[in-house]
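Group the points by topic and give the cut-off behind each term.

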Amino acid sequence: MKQIIAIIKPFKLDEVREALSEVGVSGLTVTDVKGFGRQKGHTELYRGAEYVVDFLPKIKIEVVLDDAVASAAVDAIIKAAHTGKIGDGKIFVLDVEQVIRIRTGETGTAAV
């Protein structure tokens, strides 16, 4: 099993969710996060004062799925989140050793 963590622009969330649904992903976790990479933040004007916004709003999507679906899910995220501009985000793919559904005690892919 694989865990896919994707950091994307907030306005791309609905497109990414729909793309993941089309490849068979049935559940995911979404978190509002802030961060920066090469984008390095930006300067804003508020009540006549200029200030630097170091951390930009992003969305973190986490999905755990079977190895067979992982590459299709990554491709779906790339296509849906792509704008061609700096700050499109990152995707991390990690191995998952074990999954346990707390309610039933199921393990492995049955628990996903």
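Leu20 counts as buried because its relative accessibility is 1%, where buried means under 20% relative accessible area, exposed means over 50%, and partly exposed lies in between (1.4 Å probe, protein chains only). This is a predicted model, in which local features need pLDDT of at least 70 and side-chain atom pairs count only at pLDDT 80 or more, while totals for chains, interfaces and linings use all residues. Residues are numbered from 1 along each chain as its sequence is written, and side-chain values use heavy atoms, with hydrogens and water left out.

- Leu20 is placed in helix α1; helices (H or I, at least four residues) and strands (E, at least two) are DSSP runs, numbered from the N terminus.
- With neighbours within four places in sequence left aside, Leu20 is in contact with Val25, Leu28, Ile61, Val63, Ala73 and Ile77, contact meaning heavy atoms within 4.5 Å.
- Leu20 and Asp75 stand 55 residues apart in sequence, and their C-alpha atoms are 9.4 Å apart in space.
- The largest nonpolar core holds 18 residues, and those with the most contacts inside it are Ile8, Val16, Leu20, Ile61 and Leu65; such a core is a set of buried Ala, Val, Leu, Ile, Met, Phe, Trp, Tyr and Cys residues joined through side-chain atoms within 4.5 Å.
- Two or more residues of this core come from each of β1 (2-8), α1 (13-22), β5 (56-65) and α2 (67-81), and α2 gives the most, with 7 residues.
- Val16 is in contact with Ile8, Ile61, Ile77, Ala80 and Ala81, when its neighbours within four places in sequence are left aside.

**The chain as a whole**

- The chain has 2 helices and 6 strands, and from the N terminus on its elements run β-α-β-β-β-β-α-β.
- The radius of gyration of the chain is 17 Å, well over the 13 Å that the globule rule gives for 112 residues, so the chain is more spread out than a compact globule; this radius is taken over C-alpha atoms, and the rule is 2.2 Å times the number of residues to the power 0.38.
- Taken along the principal axes, the C-alpha atoms fill a box of roughly 60 × 30 × 20 Å.
- Of the 112 residues of the chain, 29% count as buried.
- Among contacts between residues at least 6 apart in sequence, 72% join residues that are at least 24 apart.

**Surface and charge**

- The chain exposes about 7,600 Å², of which carbon and sulfur atoms supply 52%; accessible areas come from the Shrake-Rupley method with a 1.4 Å probe, and for residues only the protein chains shown count as cover.
- The mean positions of the 15 positive and 16 negative charges are 5 Å apart, with Lys and Arg counted as positive, Asp and Glu as negative, and His and the chain ends not counted.
- The place of each charge is taken as NZ of Lys, CZ of Arg, CG of Asp or CD of Glu.

- Lys9 lies in the loop between β1 and α1 and is buried, with a relative accessible area of 13%.
- Not counting residues up to four places away in sequence, Lys9 touches Lys58, Thr83, Lys85, Ile86, Gly87 and Asp88.
- Glu62 has its place in strand β5 and is partly exposed, with a relative accessible area of 22%.
- Residues up to four places away in sequence not counted, Glu62 touches Gln3, Ile4, Ile5, Leu28, Thr29 and Thr31, whereas the C-alpha atoms of Glu62 and Ile100, 38 residues apart along the chain, are separated by 16 Å.
- Gly108 lies in the segment after β6 (89-95), counts as partly exposed at 22% relative accessibility, and touches Met1 and Val99, not counting residues up to four places away in sequence.
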